[in-house]
Amino acid sequence: MSKDAYHPAPYHYDSTPYRRAGASGLLLPPISLGMWQNFGGDRDPRTLSHIVHRAFDLGVTHFDLANNYGPPAGSAEKQFGRILKRDLMPYRDEIIISTKAGFPMWEGPYGDGGSRKYLLASLDQSLKRLGLEYVDVFYHHREDPETPLEETMGALAHAVHTGKALYVGVSNYSPENTRHAARILNRMGVDLTLHQPSYSMFNRHIENGLLETATELGIGIAAFSPLQQGLLTNRYMSGVPQSSRAASSSPSLSVKQVNDPDYQHRVRGLTEIANARGQSLAQLALAWALRHPQVTTALVGASSTHQLEQNISTLKNMELSDDELTAIDEFAVDGTAAR
Ligand SMILES: NC(=O)c1ccc[n+]([C@@H]2O[C@H](COP(=O)([O-])OP(=O)(O)OC[C@H]3O[C@@H](n4cnc5c(N)ncnc54)[C@H](OP(=O)(O)O)[C@@H]3O)[C@@H](O)[C@H]2O)c1
């Protein structure tokens, strides 16, 4: 091993209260690292290594990917695959890696949707880019109303039966289709372990049925974009920084959203509540998303180790009083700064 090889910090598990995904045996850290838009081919590999090392040093054992994360699509899995190969393979059994398929990935009729053909080919491609024999979690990324759910769930079950995935999940599914998916998987001898929906103070749709469905089915929720892509942080308090997601060519966040007057008002109100607790807005937003026992983990993006460290410090102050929750409700309005 070379002298600059990565060695995890000692005692790095001690301060993390791992949470159980529903009724399964799977424990996840409350805050996990997602690689949607911060791990593309254009990002500096050294910065990415530092973020991943720091995450693992701080007890983050879960890394979330998808076939199409980048840009370009596939490059986030390649970037993470390089870090895994160089630094983390000795710790593979200490790490939960998820990937997904469901959005457009390659040309032609077999590179999108929920067919068995697409899902299983995509999983093989992901394993190759990651340099792995199996992923810990394989998700169907979004509903495909044109493919029978039996076929899509059959592909997930096949991934488990062939050892290419240990657990399976669905993402962006309605409560009703989640129940249907779980029933089909059960008939195939496989449990649905996770649902991955969006959830933040400005995007509260899971409060309308999905949380109850998770309890009923005994599945965990991995909540994505809990910081509303940076809108629930101090990133845009004084303008739009050049290096930010809103200033980039990302189609998912725009300067128009940042300039929305309702957004500006609500984010100031939430920041005051956070500051009164001795927290940053990002920390308050994460504690708030994690207040439900059904939310096993919050999938957070970070473009620097500083952001990541600040987010993980949330774990020091997670309790929210009833008065604080009532005060938050005034500003945590579903649909704020929607595109
Ligand atoms: N299943 C799905 O359909 C789906 C969809 C979207 C996301 N996801 C998953 O969820 C993960 C997280 O999504 P996301 O990146 O949108 O999450 P997010 O955590 O809501 O936003 C992350 C962005 O917020 C900013 N940020 C983070 N911490 C900060 C801090 N402490 N202070 C100031 N700014 C901070 C950074 O913006 P800058 O980059 O501007 O610095 C960062 O890139 C993804 O990586 C992916 O794994 C899943």
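The structure is a predicted model, in which local features need pLDDT of at least 70, side-chain atom pairs count only at pLDDT 80 or more, and totals for chains, interfaces and linings use all residues. Residues are numbered from 1 along each chain as its sequence is written, and side-chain values use heavy atoms, with hydrogens and water left out.

A backbone N or O atom of Trp36 lies 2.8 Å from an oxygen atom of the ligand.

The fold contains a closed barrel of 8 strands in the order 3-4-5-6-7-8-9-10, with parallel pairing. Strands (E, at least two residues) and helices (H or I, at least four residues) are DSSP runs numbered from the N terminus, and two strands pair if DSSP finds at least two bridges between them. From one strand to the next the twist averages 30 degrees; axes are lines fitted to C-alpha atoms, for helices over the stretch in contact, and angles run from 0 to 180 degrees between N-to-C directions. Strand 8 and strand 9 (residues 220-224) run parallel and are joined by 2 bridges. His195 stands opposite Ile221 of strand 9.

The second largest pocket has a volume of about 190 Å³. On a 1 Å grid over the protein atoms alone, a pocket is an open set of points with protein on both sides within 12 Å along at least five of seven lines, whereas a cavity is a set where a 1.4 Å probe fits but cannot get out; lining residues have an atom within 4 Å of a point. Grid points are joined across faces, edges and corners, and a volume is the space filled by probe spheres set on the points. This pocket is lined by 15 residues, with Asp191, Leu192, Thr193, Leu217 and Gly218 nearest its centre. Strand 7 (165-171), helix 5 (175-187) and strand 8 (192-196) each give two or more residues to the lining, and strand 7 supplies the largest share, 3 residues. The lining comprises 10 nonpolar, 4 polar and 1 charged residues, where Ala, Val, Leu, Ile, Met, Phe, Trp, Tyr, Cys and Pro count as nonpolar, Asp, Glu, Lys and Arg as charged, and the others, Gly among them, as polar.

The structure holds 1 cavity of 30 Å³ or more. The lining of the largest cavity includes Thr16, Pro29, Pro30 and Ile312, and has 7 nonpolar, 2 polar and no charged residues.

Backbone geometry was also examined. The peptide bond from Gly70 to Pro71 is cis, with omega near 0 degrees, and another cis bond joins Pro71 and Pro72, with omega about -10 degrees. Pro71 is found in the loop between strand 4 (62-64) and helix 2 (75-88).

Technical notes
Polar contact = N/O pair within 3.5 Å; in protein donor to acceptor, adjacent residues only side chain to side chain.
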